[in-house]
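Dear colleague,

Please find below the structure I am handing over to you, together with its sequence. My notes on it follow directly after.

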Amino acid sequence: LGRGVYFFHDDKELAINWAIYKRGASSGKIEVLECKIRTLHDKVLDIVDPKSEQSKRVNRVKEEFLQA
């Protein structure tokens, strides 16, 4: 994944581990914000499940971009 903001649904530990992976354990203090976000389900890009239609669509677009 690239630069940006990432949201982890009900998994603070995963968010902390992702931050450590991206920044490195020795890069200093890591902060994870916890909040409740309300939005319409069809406005969320959920690529957690690699077999989901959204994940497949993201992978197709990525492959087309890399081949261009």
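This is a predicted model: local features need pLDDT of at least 70, side-chain atom pairs count only at pLDDT 80 or more; totals for chains, interfaces and linings use all residues.

I begin with the surface. Val5, Phe7 and Ile37 together make a nonpolar patch of about 360 Å². Of these residues, Ile37 belongs to the loop between α1 (12–23) and α2 (53–67). Its relative accessible area is 52%, and Ile37 is therefore classed as exposed, the cut-off for that class being over 50%.

The loop between α1 and α2 also holds Lys36. With a relative accessible area of 84%, Lys36 is likewise exposed. Although 26 residues separate Lys36 from Asp10 in sequence, their C-alpha atoms lie 9.8 Å apart in space.

Is Ser55 buried or exposed? Ser55 counts as buried, because its relative accessibility is 4% and the limit for burial is under 20%. The side chain of Ser55 reaches the backbone oxygen of Asp49 at a distance of 2.7 Å.

In brief, Ile37 contributes to a nonpolar surface patch, Lys36 is exposed, and Ser55 is buried with its side chain directed to the backbone oxygen of Asp49.

With kind regards

Key:
Residues are numbered from 1 along each chain as its sequence is written. Side-chain values use heavy atoms; hydrogens and water are left out. Patches are made of residues with over 30% relative accessible area and no salt bridge: like charges are joined within 9 Å, nonpolar side chains (Val, Leu, Ile, Met, Phe, Trp, Tyr) within 5 Å. Accessible areas come from the Shrake-Rupley method with a 1.4 Å probe; for residues, only the protein chains shown count as cover. A salt bridge is a side-chain nitrogen of Lys or Arg within 4 Å of a carboxyl oxygen of Asp or Glu. Helices (H or I, at least four residues) and strands (E, at least two) are DSSP runs, numbered from the N terminus. Buried means under 20% relative accessible area, exposed over 50%, partly exposed in between (1.4 Å probe, protein chains only). A polar contact is a pair of N or O atoms within 3.5 Å; within protein, one must be able to donate a hydrogen and the other to accept it, and residues adjacent in sequence count only if both atoms are side-chain atoms.
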